[in-house]
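Subject: Structure for your files

Hello,

Please find the structure below, followed by my notes on what turned up in it.

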Amino acid sequence: MHLDWTALGRVTGVSIGATVAVVVVFALGVLGLARAETARERDGGGQGLAVAQAGACFLACAAVVAYGIYLIVPQFH
């Protein structure tokens, strides 16, 4: 049996890259929530953009996870 190490390396690289990207986007969402909390504590307003940032980041993470599940589970194809 011949194992193609190049293909295995590419899959590993894409997996690590996607994982890092999702973690960074999730961290940006947490940062948005922290900014919203800080704005609320300071003046009680101006938190809409931060909450929108957090929502967009969390939605993007959920979409990536859902797509990954779609790729893994054969019944969805």
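Tyr70 is partly exposed, with a relative accessible area of 35%. On the scale used here, buried means under 20% relative accessible area, exposed means over 50%, and partly exposed is what falls in between, with a 1.4 Å probe and protein chains only. Tyr67, at 52% relative accessibility, counts as exposed.

This is a predicted model, in which local features need pLDDT of at least 70 and side-chain atom pairs count only at pLDDT 80 or more, while totals for chains, interfaces and linings use all residues. Residues are numbered from 1 along each chain as its sequence is written, and side-chain values use heavy atoms, with hydrogens and water left out.

Overall form

The protein has two helices and zero strands. Along the principal axes, the C-alpha atoms fill a box of roughly 65 × 25 × 10 Å.

Of the 77 residues, 10% count as buried. The accessible surface comes to about 5900 Å², and 72% of this belongs to carbon and sulfur atoms; the areas come from the Shrake-Rupley method with a 1.4 Å probe, and for residues only the protein chains shown count as cover. Among contacts between residues at least 6 apart in sequence, 45% join residues at least 24 apart, where contact means heavy atoms within 4.5 Å.

As for charge, the mean positions of the 4 positive and 4 negative charges are 4 Å apart. Lys and Arg count as positive and Asp and Glu as negative, with His and the chain ends not counted; each charge is placed at NZ of Lys, CZ of Arg, CG of Asp or CD of Glu.

Aromatic pairs

A search of the whole structure finds two aromatic pairs. Rings of Phe, Tyr and Trp (its six-membered ring) pair if their centres lie within 6.5 Å; planes under 30 degrees apart count as stacked, over 60 as edge-to-face and the rest as tilted.

One of the two is the tilted pair of Phe26 and Phe58, at 5.1 Å centre to centre with 50° between the planes. This pair links distant parts of the chain, with Phe26 in helix H1 (residues 5–42) and Phe58 in helix H2 (residues 48–72), 32 residues apart. Phe26 is partly exposed at 43% relative accessibility, and Phe58 is partly exposed at 26%.

Tyr67 and Tyr70 form a stacked pair, with 6.2 Å between centres and 25° between planes. These two tyrosines are three residues apart in helix H2, so about one helical turn separates them.

Other residues

Leu33 lies in helix H1 and is partly exposed, with 43% relative accessibility. Leaving aside neighbours within four places in sequence, Leu33 is in contact with Ala54 and Phe58. From C-alpha to C-alpha, Leu33 and Gly55 are 8.9 Å apart in space and 22 residues apart in sequence.

- Ala56 lies in helix H2 and is partly exposed, with a relative accessible area of 48%. Its C-alpha atom is 9.7 Å from that of Leu28, which is 28 residues away along the chain.
- Ala60 is found in helix H2 and counts as partly exposed at 33% relative accessibility.
- Ile69 lies in helix H2 and is partly exposed at 42%. Between the C-alpha atoms of Ile69 and Val25, 44 residues apart along the chain, the separation is 18 Å.

Regards

Terms used: Helix = DSSP H or I, 4+ residues; strand = E, 2+ residues; numbered from the N terminus.
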